Amino acid sequence: SFVSRCLLLCRCVMRIPSLLFSAVAGQLSCQPPTDPLGLSTVFTSMTEANMCKHHQPPMMDADFVQQCEAFCAIDGKQLGLPLVMGTTTFGFGFTDMRDLCVGGTRDSDVMRFNDSDIGYCRSRSGALTSIETEAAAFVGAVEVFKAEQVALRAKMQARVNELQTELRSPEFQGEMDRAVDKMSVLRAKFQVFREQSAGGGQSATDFKDAIDQVKDSGESLKRVMDASLLQFSQFLTNCNEMFLGVGSQSEFLLDICSQANVACVDADQAEHVGCCCAVNPVTAGRGFQIAGAGGLAGLNLTSRVARRAAGAASVNVCAQARLDSASKVADAEQRVRSLGQEAMLQEQQQALAAAYSEYAAACGADRRLQQASGVETSR
């Protein structure tokens with residue numbers, strides 16, 4: 001009847017506000033899609049809370065970039081290429097984003113993903129880690145050698161000062177005045193000086209030990225270099241290209257938010273803003289593993305995705321060398337100060353900085369000197 005049709009129309013009209021509210025609110029009830037290769041998609045608390053434009057304040061292009069950079073970071077640094085797919089005016093579905101990110105064998109592919117290739121590059125990049133580890137040991141041994149060298153110089157300078165004092169003393173002047181063979185007396189004094197300066201004591205023993213350690217570390221470094229250089233050469237030749245960056249939980253895609261509607265990212269009509277990461281193993285380092293879901297915590301975003309084992313880390317040669325040599329270097333430097341020759345430490349560091357400026361810039365040749373004087377710098 002006419003009345004029944006009117007009542008039905010009224011009920012439909014009354015439902016319009018709730019339908020509009022649902023669309024405006026932009027609530028998504030979706031599950032992160034998975035890739036046939038076992039790769040995962042990351043949803044954050046903002047992905048499902050609302051559409052991009054209905055967040056308060058609305059999400060802008062700068063917000064997309066910020067999330068993508070956090071997702072793609074490697075060891076807290078931007079070592080890869082964050083690829084934001086979508087803007088405030090358009091978006092993409094899962095199939096299109098996956099096709100761009102995962103790639104295949106086409107020349108037009110931005111990057112590619114292949115477990116065997118990635119495993120190959122990871123194993124070959126380990127050659128660099130082996131070289132770095134031995135290089136750190138060698139650099140540490142050289143640091144100890146330089147410190148012991150200064151300590152021995154300081155001891156010799158102290159003995160020179162003592163000898164000069166003895167030669168000017170009234171006792172020695174009287175001995176020389178009475179001596180018939182004055183050259184023999186002076187030669188005997190110099191002989192005692194030579195034996196006491198170089199013949200023994202902690203400085204001489206530690207200096208010899210430091211020389212032996214440099215020799216041993218150098219030989220070990222050479223052995224590792226000989227064994228690892230071929231693998232490292234293969235790494236540089238075959239891995240210098242863009243791979244898909246994957247996180248520790250096998251995540252490759254970040255679904256930032258829905259741009260055009262409330263359809264889930266894997267729906268046919270989806271238009272979402274997403275992010276994936278291109279990584280060059282040669283420039284990214286040992287593990288070349290992105291922060292993924294873990295990197296979003298710094299933006300106060302919660303996320304959900306399955307877990308996977310983490311990769312290995314690279315070696316900081318300077319930091320490891322400093323750690324290995326710290327106690328022995330500090331001991332040698334303390335002996336120099338106890339002899340009143342602290343100026344030698346400053347001269348040594350200044351000479352090293354001048355002769356090896358690149359090493360000083362990279363490894364902080366003046367760091368211990370700054371710490372000793374109460375001045376600390378951040379690196």
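Student: Are Lys222 and Asp226 buried or exposed?

Tutor: This is a predicted model, in which local features need pLDDT of at least 70 and side-chain atom pairs count only at pLDDT 80 or more, while totals for chains, interfaces and linings use all residues. Residues are numbered from 1 along each chain as its sequence is written, and side-chain values use heavy atoms, without hydrogens and water. Relative accessible area, found with a 1.4 Å probe on protein chains only, is called buried under 20%, exposed over 50% and partly exposed in between. By this scale, Lys222 and Asp226 are both exposed.

Student: Which residues are joined with Arg112 into one salt-bridge network?

Tutor: Arg112 meets Asp117 in a salt bridge at 2.3 Å, N to O. Arg112 also forms a salt bridge with Glu241, at 2.8 Å between the closest N and O atoms. Through shared partners, Arg112 is joined into one network with Asp117 and Glu241.

Student: Where does Glu241 lie in the chain?

Tutor: With a relative accessible area of 29%, Glu241 is partly exposed. Arg112 and Glu241 are 129 residues apart, so this pair links distant parts of the chain. Arg112 is in the loop between α4 and α5, whereas Glu241 is in the loop between α8 and β3.

Key. Salt bridge = Lys/Arg side-chain N within 4 Å of Asp/Glu carboxyl O. Helix = DSSP H or I, 4+ residues; strand = E, 2+ residues; numbered from the N terminus.
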